[in-house]
Amino acid sequence: MWDSAELPTPVAGPFYFAWCDPGTAFNSSVHNRMDELIFGFELTLAEGQIPTLMIRMANRYIDITNPSVKTWAWFSFDCGSPHGIVPLFYGRVVSIPNDIQNTQVEYVFIARSQDWLSQKSALAWAYINSDFIDPIWIDNTRRADPDALIEATGLAWEINPRTLQWTLSDLFS
């Protein structure tokens, strides 16, 4: 195991990782830092799926369930001039790290806001109430389920990994 004094200092750029509070807006002059020693990452953006970010980092040996530990983070990239630092992903930890006795651990983050269900419901009902689909195609027992409402269409859920806003994309266009 590494003692915290033995850990190399994380070097920032071109990728940045910054722990933050829920609802924190991205600021390139604030989030241009490396709060963890990152060994690798995998950003997954798949159609109809919630964006995920897996990061392999140095084990801090800190209990992630402790309320004082930040669980939201910004992951960004320095594109250079003229664009500068751009956000790639904003999300929260959803897993306890694997292999917690090792010197490196993997955390999984998802880009899903705290109000995700109300966002999905409002979006689904706005679409259903706009006369694009006949409610006859929706099972009566599932009419309150936003996923059931959208299953009756040619649409798929899309989540912006930076704003955490839900939208619908047309699968046939």
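Biologist: What is the relative accessible area of Arg 33?

Modeller: Arg 33 has 28% and is partly exposed; the scale calls a residue buried under 20% relative accessible area, exposed over 50% and partly exposed in between (1.4 Å probe, protein chains only). This is a predicted model, where local features need pLDDT of at least 70 and side-chain atom pairs pLDDT 80 or more, while totals for chains, interfaces and linings use all residues. Residues are numbered from 1 along each chain as its sequence is written, and side-chain values use heavy atoms, without hydrogens and water.

Biologist: Which residue does Arg 33 meet in a salt bridge?

Modeller: Side chains of opposite charge can pair when their charged atoms come close. The cut-off is a side-chain nitrogen of Lys or Arg within 4 Å of a carboxyl oxygen of Asp or Glu. Arg 33 meets Asp 35, at 2.8 Å from N to O. Asp 35 is also partly exposed, at 28% relative accessibility.

Biologist: How many salt bridges does the structure hold?

Modeller: It holds four. One of them joins Lys 70 to Asp 21, with the closest N and O atoms 2.8 Å apart. This pair links distant parts of the chain, 49 residues apart. Lys 70 sits in the loop between strand E3 (52-58) and strand E4 (72-78), and Asp 21 in the loop between strand E1 (15-20) and strand E2 (38-44). Strands (E, at least two residues) are DSSP runs, numbered from the N terminus. Both partners are partly exposed: Lys 70 at 36%, Asp 21 at 42%.

Biologist: Where do Arg 60 and Glu 36 lie?

Modeller: Their side chains form a salt bridge of 3.0 Å, N to O. Arg 60 is in the E3-E4 loop and Glu 36 in the E1-E2 loop, so the bridge ties parts 24 residues apart in sequence. Arg 60 is partly exposed at 28%, whereas Glu 36 is buried at 4%.

Biologist: What is Ile 55 in contact with?

Modeller: Contact means heavy atoms within 4.5 Å. Leaving aside neighbours within four places in sequence, Ile 55 contacts several residues, including Phe 17, Ile 38, Phe 75, Val 105 and Tyr 107.

Biologist: How many bridges join E4 to E5?

Modeller: Two strands pair if DSSP finds at least two bridges between them. E4 and E5 run antiparallel, with seven bridges. E5 and E6 are antiparallel too, with two. Arg 92 in E5 stands opposite Trp 72, and has Ile 110 as its bridge partner in E6.

Biologist: Last, backbone angles. What is the phi of Leu 164?

Modeller: Most residues other than glycine have a negative phi. Leu 164 has a positive one, near 65°. Leu 164 is in the loop between strand E7 (155-159) and strand E8 (166-170), and is buried at 4%. Tyr 61, not a glycine either, has a positive phi of about 55°. Tyr 61 is in the E3-E4 loop and is partly exposed at 33%.

Key
Helix = DSSP H or I, 4+ residues; strand = E, 2+ residues; numbered from the N terminus.
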